[in-house]
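User: I have a structure open and would like to go through its side-chain packing. Could we begin with the aromatic residues?

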Amino acid sequence: MSGNPVNDLRYSLRLLVKSPVFSIIAISTLALGIGLNAATFSAVHALLIRPLDGVVEPEELVQIYREWPGIEYGAVSIPHYQDVRDRSSDVFENTAAYFFAPISLTADGRNERVLTLLVSANFFQTYGIVPTLGRAFLPGVEDRGPGAHPVTVLGHSFWQSRFGGDVSVVGRTIAVNG
């Protein structure tokens, strides 16, 4: 043990230069480990730690899953959601449903595939979110079932990237899945 940090650093650098293959492997392993750690923390922070943007009282939200035999998190049908909503009105202030679904969106002559949320009409009310432009869904109007008034709510970032933040998009007709 020399006790001099400058000499220790020089010795370490000489060893790294003498064996470049080992140096590259060691540095790459460290970089990969640090990168994976940072990515994992970012994902955990975004999904579990950071409060939901724009949501009123996020600590009061509860997520309910239905477990089917052999399927850990099974999809819930609309009648099942309505049954849960109606039977839990004395337990929960509001109950909303959502489902991730890819769609084909056509507007302004451009067609693209978009990952969306199909939601119950009271979704925004449940989360306490008020749209910046236009309106949210109207319970009793958009949730009647087949043939109901078709309405789409765009997320802010999608509105900015796809429609350039054009405020005249409100009321415009777009085609969803043809």
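User: Which residues do ring pairs link into a cluster?

Analyst: In this predicted model, the cluster held together by ring pairs consists of Tyr98, Phe100, Phe123, Phe124, Tyr127 and Phe137.

User: How many aromatic pairs does a search of the whole structure find?

Analyst: The search finds six aromatic pairs. One of them is formed by Tyr98 and Phe100, with an edge-to-face arrangement, 6.0 Å centre to centre and 90° between the planes. Phe123 and Phe124 also form an edge-to-face pair, at 5.5 Å centre to centre and 90° between the planes.

User: Phe123 and Phe124: buried or exposed?

Analyst: Both Phe123 and Phe124 are buried. Tyr98, in turn, has 34% relative accessibility and therefore counts as partly exposed. Phe100 counts as exposed because its relative accessibility is 52%, and the cut-off for exposed is over 50%.

User: Now Thr126, please. Where is Thr126 found?

Analyst: Thr126 belongs to helix H4, which covers residues 123-127. Its side chain makes a polar contact of 3.3 Å with the side chain of Asn94. A polar atom of the Thr126 side chain also lies 2.8 Å from the backbone oxygen of Asn122.

User: What does Thr126 touch, not counting residues up to four places away in sequence?

Analyst: With those residues set aside, Thr126 touches Leu61, Asn94, Thr95 and Ala96.

User: Changing topic to helix H5. Which residues of H5 are buried?

Analyst: In helix H5 (residues 156-163), the buried residues are Phe158, Trp159, Arg162 and Phe163. Viewed down the axis of H5, these buried residues fall within an arc of 100°, so they line one face of the helix.

User: And which exposed residues does the face turned away from the buried side carry?

Analyst: That face of H5 carries His156, Ser157 and Ser161.

User: What covers the buried residues of H5?

Analyst: The cover includes strand E3 (98-107) and strand E4 (110-119).

User: Arg162 is on the buried list. Where does its charged end sit?

Analyst: The charged end of Arg162 sits over the ring of Phe163, at 5.2 Å from the ring centre. Just after H5, Gly164 has a positive phi of about 65°.

User: Which residues make up the largest nonpolar core?

Analyst: The largest nonpolar core has eight residues, namely Ile103, Leu105, Ala107, Val114, Phe158, Trp159, Phe163 and Val169. E3 and H5 are the elements that give two or more residues to this core. Another core, of six residues, lies apart from it and has Phe123, Phe124, Ala136 and Phe137 among its members.

User: Back to Ala107. What is it in contact with, leaving aside neighbours within four places in sequence?

Analyst: Ala107 is in contact with Arg162, Phe163 and Ile174.

User: Last one, Arg172. What is its place?

Analyst: Arg172 lies in the loop between H5 and strand E5 (175-176). Its relative accessibility is 28%, so Arg172 counts as partly exposed.

User: What is Arg172 in contact with, neighbours within four places in sequence aside?

Analyst: Its contacts are Asp108, Phe163 and Asp166. With Asp166 there is a polar contact of 3.0 Å between the side chains.

User: And what separates the C-alpha atoms of Arg172 and Phe22?

Analyst: These C-alpha atoms are separated by 61 Å, with Arg172 and Phe22 being 150 residues apart along the chain.

Note on methods: Residues are numbered from 1 along each chain as its sequence is written. This is a predicted model: local features need pLDDT of at least 70, side-chain atom pairs count only at pLDDT 80 or more; totals for chains, interfaces and linings use all residues. Side-chain values use heavy atoms; hydrogens and water are left out. Helices (H or I, at least four residues) and strands (E, at least two) are DSSP runs, numbered from the N terminus. A polar contact is a pair of N or O atoms within 3.5 Å; within protein, one must be able to donate a hydrogen and the other to accept it, and residues adjacent in sequence count only if both atoms are side-chain atoms. Contact means heavy atoms within 4.5 Å. Rings of Phe, Tyr and Trp (its six-membered ring) pair if their centres lie within 6.5 Å; planes under 30 degrees apart count as stacked, over 60 as edge-to-face and the rest as tilted. Buried means under 20% relative accessible area, exposed over 50%, partly exposed in between (1.4 Å probe, protein chains only). A charge sits over a ring if NZ of Lys or CZ of Arg is within 6 Å of the ring centre and within 35 degrees of the ring normal. The arc is that of the directions from the helix axis to the C-beta atoms. A nonpolar core is a set of buried Ala, Val, Leu, Ile, Met, Phe, Trp, Tyr and Cys residues joined through side-chain atoms within 4.5 Å.
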